[in-house]
Amino acid sequence: IMSKLPNVTTSIFTVMSKMAAEYNAINLSQGFPNFPVDEKLTDIVARLAKENVHQYTPVTGYPPLMNQITKLLFNSYKRSVNPDIELLVTAGATQGIFTSILALIKENDEVIMLDPSFDSYESPILLCKAKPIRIALNDDYTPNWEIIEKACSIKTRMIIINNPHNPTGKILSDSDFIQLEKLLSKYPDLLVLSDEVYEYITYEEKHISAHTKSFLLDRCIMVSSFGKSFHITGWKIGYTVAPEHLMIEIKKVHQFLVFSVNSISQIALSEYLNIVDTNLLGKFYQEKRDYFQKLLQNSRFELKPCEGTYFQVASYANISNEDDVTFCKNLIINHGVAAIPISTFYSDHKDQKLIRFCFAKDDSTLESAAKKLCEI
Ligand code: GLN
């Protein structure tokens, strides 16, 4: 068969998690928490399981959950959305991204992605027979707006931003949004897809959400996820917000891709959102970040700044000359710790001797991993 995605291989997150399991290594590669979920949430699920919650919800989402998301958006960003028109509950952010691209991108359109970029962005673009235009971020992981602008033309249909940024933990600044606004004013058909799944995991400074920028409201698709915010990555549930003219198209694809998202998680979250405070998450992970950084203080890894997300980028240039994929494999085999090689987030596998650790782990896991990492 002629492959539609000839260059796509198994996701690096799957590869590294599988290898970590095989070698019984501490898995700081794929991003997921290893501590228990809030008991208030698991209690709701346990009670609901015996109730009448097991049939289809409406295609766009369970209405009480959509109302709660609407409230959350207002409380977090003063953003007013009409849940009937602008909101869609999705099977995770990945589905929101895939569905939006499939619905809105046509053959020969160009889509700008900023490398290092998350691995799920490119395939839906390729399946649309559109062209991913991958532009590297600057060395400090700020976008290079000059190069981005040079790459733009009337063919450019979308630019994908990820804020806070996986894998680097960088957040976009006010001046980035000024540059983005300039670019959009030059290209009236250009859309923005804003992946903000780590929106509540920020530290010294809060990120600036696309929801707060009025120039984006009629041309931006915002994607978010409950997986990161409530430590439930396996539930695969999130939501997408887009203006009516875009959401109409996104919903057309959604109804045949997933029909409706699983009922019990939607119903449980509609209750949980009433009692949970998303503002506590930043502090919770800041303590983890600081603890992990302190534990690695005397290691030979050089830690990069982390403004958001639960990922820590580290340079191993002082330790080894191996390329980052080899280094990560050997790190599992010889030292019992799994991480993600950053080159896999680049189209050209640019090797900078950088790897990513996930610190969404209980303290004893972080301690055991750091002990191993300090011995290298
Ligand atoms: N978002 C997570 C990460 O960056 C994992 C996603 C996945 O495994 N598909 O590690």
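Biologist: Leaving out residues up to four places away in sequence, which residues does I125 touch?

Modeller: I125 touches I101, I105, V111, A130 and P132, where touching, or contact, means C-beta atoms, placed from the backbone, within 7 Å. This is a predicted model: local features need pLDDT of at least 70 and side-chain atom pairs count only at pLDDT 80 or more, while totals for chains, interfaces and linings use all residues. Residues are numbered from 1 along each chain as its sequence is written.

Biologist: What makes I125 count as buried?

Modeller: The cut-off for buried is 20 or more other C-beta atoms within 10 Å of the residue's own; 12 or fewer is exposed, and anything in between is partly exposed. I125 has 23 C-beta neighbours inside 10 Å, so it counts as buried. I125 sits in helix α6 (residues 122-127), a helix being a DSSP run of H or I with at least four residues, while a strand is a run of E with at least two, both numbered from the N terminus.

Biologist: Is K106 buried or exposed, and how do you know?

Modeller: K106 has 9 other C-beta atoms within 10 Å and is therefore exposed. K106 lies in the loop between α5 and β3 (110-115). Apart from neighbours within four places in sequence, K106 is in contact with C128 and A130. The C-alpha atom of K106 is 41 Å from that of Q286, 180 residues away along the chain.

Biologist: What makes K236 and K353 stand out in the backbone?

Modeller: Neither is a glycine, yet phi is positive in both: near 50° in K236 and about 60° in K353. K236 belongs to the loop between α9 (226-229) and β8 (238-241), and K353 to the loop between β12 (340-341) and β13 (354-358).

Biologist: Why is K236 called partly exposed, and why is K353 called buried?

Modeller: K236 has 19 C-beta neighbours inside 10 Å, so it counts as partly exposed. K353 has 20 such neighbours inside 10 Å, so it counts as buried.

Biologist: Where are cis peptide bonds found, and what is omega there?

Modeller: One joins D115 and P116, with omega about 5°, and P116 is in the loop between β3 and α6. Another runs from N163 to P164, with omega near -10°. P164 is in the loop between β5 (156-162) and α8 (174-186). The C-alpha atom of P164 is 22 Å from that of I125, 39 residues apart along the chain.

Biologist: Why is the chain called as compact as a globular protein of that length?

Modeller: To begin with its elements, the chain has 14 helices and 13 strands. Its radius of gyration is 20 Å, close to the 21 Å that the globule rule gives for 376 residues, so the chain is as compact as a globular protein of that length. The radius is taken over C-alpha atoms, and the rule is 2.2 Å times the number of residues to the power 0.38. Buried residues make up 44% of the 376 residues.

Biologist: Which residues touch the most other members of the largest nonpolar core?

Modeller: They are V111, I160, V337, A338, A339 and I355, in a core of 96 residues. A core is a set of buried Ala, Val, Leu, Ile, Met, Phe, Trp, Tyr and Cys residues joined through C-beta atoms within 7 Å. Helix α5 (residues 92-104) gives this core its largest share, six residues.

Biologist: How do you know where this core lies relative to domain 1 and domain 2?

Modeller: Domain 1 (12-30 + 279-374) and domain 2 (55-272) both give residues to the core, so it lies between them. The bounds come from an automatic or database domain assignment. The centres of the two domains, taken over C-alpha atoms, are 26 Å apart.

Biologist: How many residues of domain 1 and domain 2 are in contact?

Modeller: 19 residues of domain 1 contact 23 residues of domain 2. On the domain 1 side, α12 (281-295) and β10 (311-315) are the elements that give two or more residues, and α12 gives the most, with five.

Biologist: Which residues are around the ligand?

Modeller: S11, F13, Q30, G31 and N166, each with its C-beta atom, placed from the backbone, within 6 Å of the ligand.

Key:
Contact = placed C-beta atoms within 7 Å.
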